[in-house]
Amino acid sequence: MVGLRGIPATYGGVEKAVEGLSVELAKRGHRVTVYAREAYCDTAIESYEGVRLRYLSQINTKHLEALSHTALALASILRDGGHDLVHFHATGPALMSFVPRLRGIPTVATVQGLDWRREKWGRGATRVLRVAAYASARVPTRTIVVSRELQRHFRAEYATETIYIPNGVDIHELGAGTPVEDLQPDRYILFLGRLVPEKHVHTLIAAYRQTTLDLPLVIAGPSSHSQDYVASLHELGAGDERIRFVGPRYGDEKAWLLRNAAVFVQPSSIEGLPIALLEALGCGAFPIVSDIPENLEPVTTEDGRLGLEFPVGDVSALTDRLQQAVGRPTRQAEGERLSRHVAATYDWPRIAERTEAVYYDAIAAGARSATAAVAEP
């Protein structure tokens, strides 16, 4: 597994996805190695839940961190040998998926989102990520996407058939948790995620400031090479004592925040399939989501769509939805229905089984290609 910061996950959705998948694959008897970035991990941990961990350095800049670490990981993989398959996570690292294939090693890429659309990137990085998106569609032996919308996009944009396998969530690991200071159960509105422009936390703060609610808005999460944006959020929230920036919260505190929120807001403009939203839904939180397909997919059940939605970036509409949600008589019942839906749909053991089948298919395809190459006169 390459392309992530590391596990056990404390940072982002890709890391949570790789943790869930790799642990389940190890339980199924596979030898799994995760290549992790030294700057984000406790390098004393040699394995996690049966998964082998390898730590390598990286260039600590926004543009070079992922690619530099992926290059080192691939050099290690080719030098050490013994790998049946390399699984790339995210489009940037997938740009290098041709390297193992040149040595006859099958590759799988999982696309977690259209990274080139993220607002934090400049023109040059955007162009590179667009090339990486094309590469993720055409170069790996097999390509997995985590949402139906991504599958539609790859079919329309690249004339490529991908394999839809969503991210999973393990609600059992989110126990009762440890209370966070000065917060009361069912008495706060929560955003939890990376503080980057495409998450539209600025839209949430602007909308919340127009409400008359006495429930505080809790904003929990780290930056991601986005310190200027985080500073702008603090400036936008200044003077409103109801707005609380609590920083990144992990483990028991994160579990408590998710399990006790009155409302969970996902206002983003770009997603793949947001794990933070899946976790919140699994914990029974009532959702307000922006109307991008990737956010609407998890809140759509066999009985229809639950929670509330608003046009992405629409401050006035989000203000209205915040006011509606707090007084909504069916809020708790809808949260419970969505919790059951997530438990049934986004189950890691089943997701690992489906991914395992993709691996076997990719290995078989690689063997057929090698046989055909040898047979050529």
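Two strands count as paired if DSSP finds at least two bridges between them. Strands themselves are DSSP runs of E with at least two residues, while helices are runs of H or I with at least four, and both are numbered from the N terminus.

A quick note on the model: it is predicted, so to speak of local features pLDDT of at least 70 is needed, side-chain atom pairs count only at pLDDT 80 or more, and totals for chains, interfaces and linings use all residues. Residues are numbered from 1 along each chain as its sequence is written, and side-chain values use heavy atoms, with hydrogens and water left out.

Zooming out, the protein has 14 helices and 15 strands. Its C-alpha trace spans about 75 × 40 × 40 Å along the principal axes. The radius of gyration (taken over C-alpha atoms, with a globule rule of 2.2 Å times the number of residues to the power 0.38) is 21 Å, which agrees with the value near 21 Å for a compact globule of 377 residues. Buried residues (under 20% relative accessible area, against over 50% for exposed and in between for partly exposed, with a 1.4 Å probe and protein chains only) make up 57% of the 377. As for contacts (heavy atoms within 4.5 Å), 68% of those with a separation of 6 or more come from residues 24 or more positions apart.

Four strands line up in the order 4-5-6-7, forming an open sheet with parallel pairing. Strand 4 (86-89) and strand 7 (163-164) sit at the edges with a single partner strand each, so one side of each has no neighbour in the sheet. Strand 4 pairs with strand 5 in the parallel sense through four bridges, and histidine 89 has threonine 110 of strand 5 as its bridge partner. Strand 5 (residues 107-111) is in turn joined to strand 6 (residues 142-145) by four bridges, again running parallel. Back on strand 4, Val86 and Phe88 point one way and His87 and His89 the other, yet all are buried.

Finally, a look at one lysine. Lysine 199 lies in the loop between strand 8 (189-192) and helix 7 (201-209). Its relative accessibility is 10%, so lysine 199 counts as buried. Setting aside neighbours within four places in sequence, lysine 199 is in contact with Phe191, Arg194, Gln266, Pro267, Ser268 and Glu271.
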